[in-house]
Amino acid sequence: MMKGKLLMCGALCALLLSSCDKEEVDKQEPIVAETVSDLPAAPTDQENDGGYTFFSFSNGIVDKADSASVAWDIAFRSTSIIVNNGISGPGETQLGIVDGIFSEIGEVPAAVSWKSDASAESMAVPSGSGNGWYAYNPTNHEISPIAGKVFLVKTNAGNYAKFEILSYYKGAPTEYDISIPGRYYTFRYVYQPNGSMNFE
């Protein structure tokens, strides 16, 4: 009799644990895949304070009033991209750059080199043409994203994202025209909100 009760109790516990595990799986947030269009980074056609535009992969654009907090992950100003770490902010965001096809990077590579904004001479995203994310054409002054540059981010929350810059000009034109205002980023990203390094 006692043995039967113990078996029933064990089966009930197993059922409850199984139910809890299923609920935990069901509660996991889905992967986010979005394209951000015309994010203003001190745009050339507007009056602005020349400051950064702050961005969080979990919440989108962050108010400048929160720039001294851990509310943001990366920020944009002109051709500069900073991360919330080191000299740029109080957070723990880290960034790595890899060469590859955005859609084919299904997880964070084991060999990625994580960096923060350690100093003005050692930023996570290097400045200058050909050094970070863009190339500058001195003939027509076009700034164009370097094909195949994919950015990986470990956010303040300890989650992972990948992003790729598609355009630096308003409306993401397919052909460059010097009359189109610059400092408007269009980029696509995939954000994994559950701490996994898998983007699929």
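Predicted model: local features only at pLDDT ≥ 70, side-chain atom pairs only at ≥ 80, totals over all residues.
**Entry 1: around Gly148**

I looked up where Gly148 sits, and found it in the loop between strand S8 (142–145) and S9. Which residues does Gly148 touch, leaving aside its neighbours within four places in sequence? I noted Val98, Asp99, Gly100 and Glu164. I then checked Ile101: it lies 47 residues from Gly148 in sequence, yet the two C-alpha atoms are 5.7 Å apart in space.

**Entry 2: the four-stranded sheet**

Next I turned to the strands. In what order do the four strands of the open sheet run? I read S3-S2-S4-S5, with antiparallel pairing. At the edges I found strand S3 (60–62) and strand S5 (80–83), each of which pairs on one side only. On average, neighbouring strands here are turned by 30° against each other, direction ignored.

I followed the pairs one by one. Strand S2 (residues 53–56) is joined to S3 by three bridges, and the two run antiparallel. Within that pair, Phe55 has Ile61 in S3 as its bridge partner. Strand S4 (residues 74–77) pairs with S5 over four bridges, also in the antiparallel sense. Here I saw Phe76 standing opposite Ile81 in S5.

S4 and S5 also make a hairpin, with two residues between them. I looked at the turn and found that Ser78 has a positive phi of about 50°.

**Entry 3: the largest nonpolar core**

I then went to the largest nonpolar core, which has 26 residues. Which members touch the most others? They are Phe55, Phe57, Phe76, Trp133, Phe163, Tyr185 and Phe187.

Several strands supply at least two residues each: S4, S5, strand S1 (32–40), strand S9 (149–154), strand S10 (160–169) and strand S11 (182–192). S10 gives the most, with five residues.

Leaving aside neighbours within four places in sequence, its contacts include Phe57 and Phe187. Among the others I listed Ile74, Leu95, Phe102, Val150, Phe151 and Val153, along with Lys149, Arg188 and Tyr189.

Last, I found a second, separate core of 10 residues. Ile105, Leu152, Val190 and Phe199 are among its members.

Note on methods. Residues numbered from 1 in each chain as written. Heavy atoms only, no water. Pairing = 2+ DSSP bridges. Axes fitted to C-alpha atoms, helices over the stretch in contact; angles between N-to-C directions. Core = buried A, V, L, I, M, F, W, Y, C linked by side-chain atoms within 4.5 Å. Buried < 20%, exposed > 50% of the residue type's maximum accessible area, 1.4 Å probe, protein only. Contact = heavy atoms within 4.5 Å.
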